[in-house]
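Good morning, and thank you for coming.

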Amino acid sequence: KNIDQYAVFGQPIKHSKSPRIHRLFAEQTGENIEYTAREVPADTFDEAVDQFFAAGGKGLNCTVPLKELAWRRAERLTERARLSKAVNTLAQQEDGSLLGDNTDGIGLVTDLTRNHGITLTDARVLILGAGGASRGIIGPILECKPSRLLIANRTVAKAEQLTEDFADIGKISACGFDHLPGQQFDLILNATSASLSNQLPPLPERLLAENGCCYDLAYANEATAFVRWGQLQNAGHSLDGLGMLVEQAAEAFYLWRGIRPETRPVIALLNAERHPA
Ligand code: NDP
């Protein structure tokens, strides 16, 4: 019998950790799968998807800049994917149709709550940024019932649009960075892409409550600018998005294979590799 094929599509894709993570999951669970990474530019996405599934592919992950295209392409959507208008996981159904899911938000929530013991319920939560990553995490965060969720963005209109789109799910509001002084949060999530260029949005002192938590969705081998900012604020935790990456992969693996891999050993291994003793 042929080995079931999976892949991640994106551009750039060379440094993706997804093939490594899924191979570790497969080893751990005894599932016989192959998972590869393919550089796919947006303008050839549809052809690449056709080819992949025509050749017997079973499931795909899609990353920057393809998540919205994958959302358009899916024939059925999970509720969380519908709301986030972005798909990071495509799964071929028995009837051949493509189901689109978005596992980014649940991956973040799992990393926060299960791996780090951080409570979202009744917490004051701030999200910096209003792009695709914010859209993906808002639904699962609101489902944890924070006491408030504020979206701060450079382009305020984009944050306001998100509050409209998610108003039915829970309490959510929007502002520009100039409205942050004087406010305080238990959890600050950085979903801007500023970290990738080692920059930070303008953040006032005392924005983080005592013993609060900072979480950068981005990850790198060294501490990101936002993780360092959190450390300077004496955060109880100042984390980056590696755990989220592994947890969203575990959710995709579960959707495809019906088996939930253990994430902790995989996170520990990837962490050990980037901080050699
Ligand atoms: P988008 O391009 O969709 O959005 C970028 C956001 O960042 C916008 O809100 C933009 O503001 C803001 N921004 C960019 N530069 C600056 C700056 N210098 N100062 C202030 N704000 C800035 O990106 P995504 O939402 O797709 O990705 C955001 C981050 O999330 C990336 O770092 C990505 O790596 C990470 N991510 C991590 C995942 C994981 O598994 N760990 C999963 C998904 C994403 P404006 O609207 O004003 O332009």
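Across which strands does helix α1 lie? Helix α1, residues 18–29, lies across β1 (4–10), β2 and β3, and runs at about 175° to β2. Helices here are DSSP runs of H or I with at least four residues, strands are DSSP runs of E with at least two, and both are numbered from the N terminus. Angles run from 0 to 180 degrees between N-to-C directions, with axes as lines fitted to C-alpha atoms, for helices over the stretch in contact. Two residues are in contact if their C-beta atoms, placed from the backbone, lie within 7 Å.

Please keep in mind that this is a predicted model, in which local features need pLDDT of at least 70 and side-chain atom pairs count only at pLDDT 80 or more, while totals for chains, interfaces and linings use all residues. Residues are numbered from 1 along each chain as its sequence is written.

Let me turn to the sheet. Six strands form an open sheet with mixed pairing, in the order β2-β1-β3-β5-β6-β4. Because β2 (33–39) and β4 (76–77) stand at the edges with a single partner strand each, one side of each is left without a neighbour in the sheet. Two strands pair if DSSP finds at least two bridges between them. Strands β3 (residues 57–62) and β5 (residues 89–92) run antiparallel and are joined by three bridges. Within this pair, Leu60 stands opposite Leu90 in β5. Helix α9 also lies across strands, namely β1, β3, β5 and β6 (98–101), and runs at about 10° to β5.

Now the division into domains. The protein chain is divided into domain 1 (4–102 + 244–274) and domain 2 (105–240), with bounds that come from an automatic or database domain assignment. Their centres, taken over C-alpha atoms, are separated by 25 Å. Where the two meet, 15 residues of domain 1 are in contact with 15 residues of domain 2. On the domain 1 side, α3, α4, α9 and α10 (264–274) each supply at least two residues. The largest share of that side, five residues, comes from α9.

Next, the interior. A nonpolar core is a set of buried Ala, Val, Leu, Ile, Met, Phe, Trp, Tyr and Cys residues joined through C-beta atoms within 7 Å. A residue counts as buried if 20 or more other C-beta atoms lie within 10 Å of its own, exposed if 12 or fewer, and partly exposed in between, with C-beta atoms placed from the backbone. The largest nonpolar core has 78 residues, of which Val125, Leu126, Ile151, Leu189 and Cys214 touch the most other members. Helix α9 (residues 242–257) gives the most to this core, with nine residues. Domain 1 and domain 2 both give residues to the core, so it lies between them. As for Ile151, its contacts beyond four places in sequence include Ile127, Ala130, Leu162 and Ile172.

Some backbone details deserve attention. The peptide bond joining Gln11 and Pro12 is cis, with omega about 5°, and Pro12 is in the loop between β1 and α1. A cis bond also runs from Val64 to Pro65, with omega near 0°; Pro65 is in the loop between β3 and α3 (67–73). Lys145 is not a glycine, yet has a positive phi of about 60°. This residue is found in the loop between α6 (132–143) and β8 (148–152).

Finally, the record. For "binding site", an unreviewed UniProt entry lists Ser16, Lys17, Ser18, Thr63, Asn88, Asp104, Tyr219 and Gln248. UniProt positions are given in the numbering used here, feature names are shortened, and annotations may be inferred rather than shown by experiment. Is Asn88 buried or exposed? With 31 C-beta neighbours inside 10 Å, Asn88 counts as buried. Asn88 lies in the loop between α4 (79–84) and β5, and beyond four places in sequence its contacts include Thr63, Asp104 and Gln248. Tyr219, by comparison, is partly exposed, with 19 other C-beta atoms within 10 Å. Tyr219 lies in the loop between β11 (208–216) and α8, and leaving aside neighbours within four places in sequence, is in contact with Asp240, Gly241, Leu242 and Leu245.
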